[in-house]
Amino acid sequence: MRTLITEKLELHRQKHEQKGRLLVSCPDQPGIVSAVSSFLFEHGANIIESSQYTTDHESGRFFLRIEFDWKDISANQLKQQFEPIAASFQMTWSMSRASELKKLAIFVSKELHCLHELLWEWQSGNLMAEIAVVISNHETAKDTVEALGIPFHFVKANKDIRKEAEKQQLALLEEYDIDAIVLARYMQILTPGFIEQHPNKIINIHHSFLPAFIGANPYKRAYERGVKLIGATSHYVTNDLDEGPIIEQDIERVDHRDDAEALKNIGRTIERSVLARAVKWHLEDRIIVHENKTIVFN
């Protein structure tokens, strides 16, 4: 199985070796698109896809995502030669090759539905990343993960030993050279020190009952309250618990015939799909974070 997945990832690298991605955020003013497109043309690049968005006139912020083919120039050279344009427009920007797959670390606890979804998408060739390691405070997922040839690390974690656990986790993230972290129903709170080392690179998933049903047994309490909508939210993790920039959300209608267990099953299904979409968009450089919001070019 691992060999087949490796082959799919290698084919992706070969297919997208000449494809680049450019993300730009800057104050809005005339000439930005012209300057960027002219630069790419002058360097032999062909624009494949271009999306842009401008905020209201009061804040006046411009956002741009471009996919392009390039040849006969290295990524580092292209970045260096783009810097004067970026400086002239006060851009916050990033440029990358689509063939450079990001290395993911997945954190999980006992509930495995989101992990299973990510692993299935990865095996199917729909999640273009290197799942470098799975880290858990339980051993429930160990056999599933190791059967796919993915390193699994058990790190005991609770509120009493949080700093010690995070020290081990941060060491593993450095060892595996991780680019992004997915909390696939990881039921531990991360400290500010941990989060600050990975800004806008930690993706979380949770039910969308918050803040109405905080704490244990949210589906039971939602059932007792008679909710009519079940949802899930994926967002970047910040120091404000479950209040980071939202990447994706979805809902499904329910009614009085759905008991607490049915609500939970429906919620899990939504969580799986919402998290998978959010992770894919992050891997494809389709997200720009601005303040506490995201611009998602999906």
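Predicted model: local features only at pLDDT ≥ 70, side-chain atom pairs only at ≥ 80, totals over all residues.
I started with the second largest pocket, whose lining splits by class into eleven nonpolar, seven polar and nine charged residues. My classes: Ala, Val, Leu, Ile, Met, Phe, Trp, Tyr, Cys and Pro are nonpolar, Asp, Glu, Lys and Arg are charged, and the others, Gly among them, are polar.

Residues are numbered from 1 along each chain as its sequence is written, and side-chain values use heavy atoms, with hydrogens and water left out.

Back to the pocket. On a 1 Å grid over the protein atoms alone, a pocket is an open set of points with protein on both sides within 12 Å along at least five of seven lines, a cavity is a set where a 1.4 Å probe fits but cannot get out, and lining residues have an atom within 4 Å of a point. I got about 720 Å³ for the second largest pocket (the space filled by probe spheres set on the points, which are joined across faces, edges and corners). Of its 27 lining residues, Leu23, Ser94, Lys201, Asp285 and Ile287 lie nearest the centre. Strand S4 gives the most to this lining, with six residues.

Next, cavities: I counted one of 30 Å³ or more. The largest cavity has a volume of about 50 Å³, and its lining includes Ala157, Arg162 and Tyr186. That lining has five nonpolar, three polar and two charged residues.

Then I looked at H9 (residues 260-283) and its neighbour H4 (residues 113-123): their axes come within 9 Å and cross at roughly 45°. Helices here are DSSP runs (H or I, at least four residues) and strands are E runs of at least two, numbered from the N terminus. Axes are lines fitted to C-alpha atoms, for helices over the stretch in contact, with angles from 0 to 180 degrees between N-to-C directions. So H4 is oblique to H9 (under 35 degrees is roughly parallel, over 145 roughly antiparallel, 65 to 115 roughly perpendicular, the rest oblique).

Last, I checked H8 (residues 218-225), whose axis comes within 9 Å of that of H9 and crosses at roughly 120°. H8 and H9 are therefore oblique to each other too. Their contact includes Tyr219 of H8 and Leu263 of H9.

Terms used: Contact = heavy atoms within 4.5 Å.
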